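Please consult the sequence and coordinates alongside the text.

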Amino acid sequence: MATPIFLSSALRRFALVLCLGALATPALAQDEGSGPIEGDVVGGIANPTSIAIPDMPTPRGVDTPAGNTADLGRQVAQVVEADLRNSGFFNPVARQLLRRVDMPQVTSPDYQSWNQVGAQNLVQGYVQAGTNGRLTVGCYLYDVFAQAPLERAGYEVDYADWRRAAHRCADMVYARLTGEGAYFDSRIVYVAESGPKDNRTRRIAVMDTDGANHRFLTNGQSIVLTPRYAPDGRTITYMSYQNDEPRVYLYDLQTGRQRTIVDSRYMTFAARYSPDSRHIVFSMAANGNTDIYRVAVSGGQAERLTNSPGIDTGGSFSPDGRSIVFESDRSGSQQLYIMNADGSNQRRISFGGGGYATPEWSPRGNLIAFTQTGSFNVGVMRPDGSGRRILTNGWQDESPSWAPNGRVIHFFRSPRGEGLPSLWSVDVTGRMIRRLPTPVGASDPSWSPLLD
Amino acid sequence: MDRIERIGLGAAIVAHLLLFALLSIALVARDEPPRREAVAVTLADEIGLQPSATDRPAPAAQDSTLQQDLDSMVPDIVEPLPQPRVEPTPAPRQTERRTPTPPRERQPERTQPRSQSSRMNGITEGIGQANDTGTSASAAPVSSSDRSNLISRITNAIRPCYNLGSLSGTAAEDIVVRLRIQPSRDGSLGRGQVSVLGTRGVDGSNRQYESQMVEAARSAVLNPRCPLPPLPAALYENGWSDVVLNFIPAQLT
Amino acid sequence: MTKISKTAILLAAGSLLALGACSRSAPDELPPPPVGSNDYDTGPTGPVPGSRADFIAQAGTDTIYFDTNMHDVDADDRAVLDAQAAWLIANPSVRVTIEGHCDERGTREYNLALGERRANAAANYLAQRGVASSRMTVISYGKERPVALGSDQASWAQNRRAVTVVPM
């Protein structure tokens, strides 16, 4: 299944090495003794980077509603450490090996001692209570081997939001060291599941990406499914069986108010936002036929986008808002199609390898995540259908959702039998599969944008 | 038995009614409203410049960029830890090897203001001046077989520390980094003895990873876990005193 | 006495199982009601005409089953639906909800659509047999309300179904 990609990338590399060889040969063929000698270091390894994140000092221990700043300095460092470890790309130095850092050292680290504990990178910082009733967290990233500062940033937050300052610090480190976009300072909305399989209680819940600040939005009285975070972070859309009428609702996170997105006598479901948060694309099932529609978040008439006799559902916008990828069984099995945002120019992109469902366009635009039906694993393909790769290997994995940086995918995994489903994350390379902690069973994850 | 059934039925009806009442109450007491408001986190530009921060010099000039700020924090280039080494088999001048490497002079670029637009500035600083630090012309030539032997010993020592980490499996693997290292006679190698000659294979799909790829290569040669192997002192001049390394991420299989 | 109570327990357990099906059919997510209820009494008086128990007694079953990913009504289903239609025509004041369900081996959203197809397939057939469409409401539960809890072919076959739900 991954053969085509492997071949193409191997070919690219082969071409690259050929070019390099051509460049390198004259140097090696030079007269003896003139110019530097030259060679190739071929084949990098892929290990987590060793990084030290000592407790952050405070210039003055001050009691705040979130605790003493000295304690907060330790907790911030621990949140940063957990974020970086959970990304899978970093191997934080064990806390008992970390030296105490005092304020002057925050900006002039003792590189030699950090070198001795094996740290390649170093994150230092400080926590300071401001006179304005807010907390300032300074965050400094160093390259220990090169003995050089790499980046620094400061965050001012309300005391209650100290974890966000820690996530921002971790984001700064992650982005600088990986070249990827940030994603720790974001939230996840999902369906919390509890109870037996034939009588599940389902509640919409939100939490920080590390599981903190967990909160239920619905009380479990009605079945609720498929929540999605708006790209602007202000609303959530989800499907509820309230009043025995399965409909898509819009939930305002600020006011707590909710309403259906359209007045419909038929079931509406599978809602996703447009990248500008102004439209919702959704499915409506009427008389045995499901099609995809689009409606403005502000209300108004829904516009029908597909009109096939099959089941068209799972519409997901491209990041530029111009295209929509969706699944349809019009060919006889579930396959992925792309259409223009007005419904025109519908064309199939997935062929072979079974069925495909729940497409989710990456915020970077370069990939579409999907559930492969039959095997029930999560994978990615390019928008032209090429480069298909399966990333997971569970009994039943489905419903991928992208992190804001387009590098990490969340999905949910159901066990065989009667157990509860759980949330998992996987790197887009297929490495680093990890379970996300949730208080109860969990399904249908959807990532918020980066908070700001 | 009839009676038992009737009692059961009665109990069930009562229980259902109770349940209905309970759920009706739950219906009224629906969803809790969200309490937490989205908060703005403001980036404090002058972090560490507040009077309370004891470690900072006077506030930077108004037009100072973050990069310049960072530069002001950089201490003079410090030579790396003296690395314990196995001595090369032919031990020529004991005293010279013991002598710590003289600190390298501050590179001219460091004092110049850097453009904040490119991250590469911080790490490509050696480009263009590497040739100025040429080798002494007086030493004897090194044979090509000695050269290739040196190269394979050096690359074998460095390869285990060429860690791509998060870059592995991404489009970054098409980027080849060319580094020049100029180790001291005692085999030690400091930051100032490593310069970046350039990169190849950078395009729109992997530009975001360019500085990280350069840093991965630089870290490989500076990692204390992968020091240079003991190399013959006789082959230092015109040999391993000046080495160019191409870091090619992906192996052909 | 012991014998009687044993029978009572058996009966209670049986009715609990049956009731499980009822509560699943019911639109709200009710927790299972207490043990001991028996909604379709088969005692000497017989089920109340027009009730769910009466419907099931007369039509034989309230459920038809489907093949994987299918929603067509086959000969067995037609026989069941014919009996259901006869009862519905004989009880013209009763409104019914037709639920469509799927097995777990499908993605959530697709199964919502597929369940709706199945419910409609049953409703359309009943309409052909003379039951007014205005008396029937369809609802899909996708894979969210299984009756069989296993992850095996037999369980999945039981869960691919359409249920005609007469109010209690």
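Which element gives the most to the lining of the second largest cavity? The answer is α6(B), with four residues.

## Cavities

The count of cavities of 30 Å³ or more comes to seven. The largest cavity has a volume of about 260 Å³. Its lining consists of 20 residues, and those nearest its centre are K197(A), R200(A), S414(A), E104(C) and K143(C). Two strands of chain A, β28 (396-402) and β29 (408-414), each supply at least two residues of the lining of the largest cavity. By residue class, the lining of the largest cavity divides into ten charged, five polar and five nonpolar residues.

The second largest cavity has a volume of about 200 Å³. It is lined by 18 residues, of which T49(A), Q120(A), N121(A), L177(A) and Q212(B) are the closest to its centre. Helix α5 (162-178) of chain A and helix α6 (210-222) of chain B each supply at least two residues of the lining of the second largest cavity. Its lining comprises nine polar, seven nonpolar and two charged residues.

## Chains A and B

Chain A has five helices and 32 strands. Of its 452 residues, 63% are buried. Among the contacts in chain A with a separation of 6 or more, 44% are between residues 24 or more positions apart.

Chain B has seven helices and four strands. Read from the N terminus, its elements follow the order α-β-α-α-α-α-β-β-α-α-β. Buried residues account for 44% of the 253 residues in chain B. For contacts in chain B with a separation of 6 or more, the share formed by residues 24 or more positions apart is 78%.

## Residue Q334(A)

Where in chain A is Q334(A) placed? Q334(A) lies in the loop between β21 (323-328) and β22 (335-340). Is this residue buried or exposed? Q334(A) is buried because its relative accessible area is 8%, which is under the 20% cut-off for that class.

The side chains of Q334(A) and E327(A) are joined by a polar contact of 2.8 Å. Not counting residues up to four places away in sequence, Q334(A) touches E327(A), S328(A), D329(A), G355(A), Y356(A), A357(A) and T373(A) in chain A, together with T107(C) and Y110(C) in chain C.

Helix α2 of chain C spans residues 52-59, and its buried residues are R52(C), A53(C), D54(C), F55(C) and A59(C). Just after α2(C), G60(C) takes a positive phi of about 90°.

The mean pLDDT of chain C is 81, and 73% of its residues reach 70 or more. Over residues 1-38 of chain C the pLDDT is below 50, although this stretch has 61 contacts in the model beyond near neighbours in sequence. Where pLDDT is low, predicted coordinates should not be read in detail.

Key: Residues are numbered from 1 along each chain as its sequence is written. Chains are lettered from A and ligands numbered from 1 in the order in which they are written. This is a predicted model: local features need pLDDT of at least 70, side-chain atom pairs count only at pLDDT 80 or more; totals for chains, interfaces and linings use all residues. Side-chain values use heavy atoms; hydrogens and water are left out. Buried means under 20% relative accessible area, exposed over 50%, partly exposed in between (1.4 Å probe, protein chains only). A polar contact is a pair of N or O atoms within 3.5 Å; within protein, one must be able to donate a hydrogen and the other to accept it, and residues adjacent in sequence count only if both atoms are side-chain atoms. Contact means heavy atoms within 4.5 Å. On a 1 Å grid over the protein atoms alone, a cavity is a set of points where a 1.4 Å probe fits but cannot get out, and a pocket is an open set with protein on both sides within 12 Å along at least five of seven lines; lining residues have an atom within 4 Å of a point. Grid points are joined across faces, edges and corners, and a volume is the space filled by probe spheres set on the points. Ala, Val, Leu, Ile, Met, Phe, Trp, Tyr, Cys and Pro count as nonpolar, Asp, Glu, Lys and Arg as charged, and the others, Gly among them, as polar. pLDDT is the predictor's confidence in each residue, from 0 to 100.
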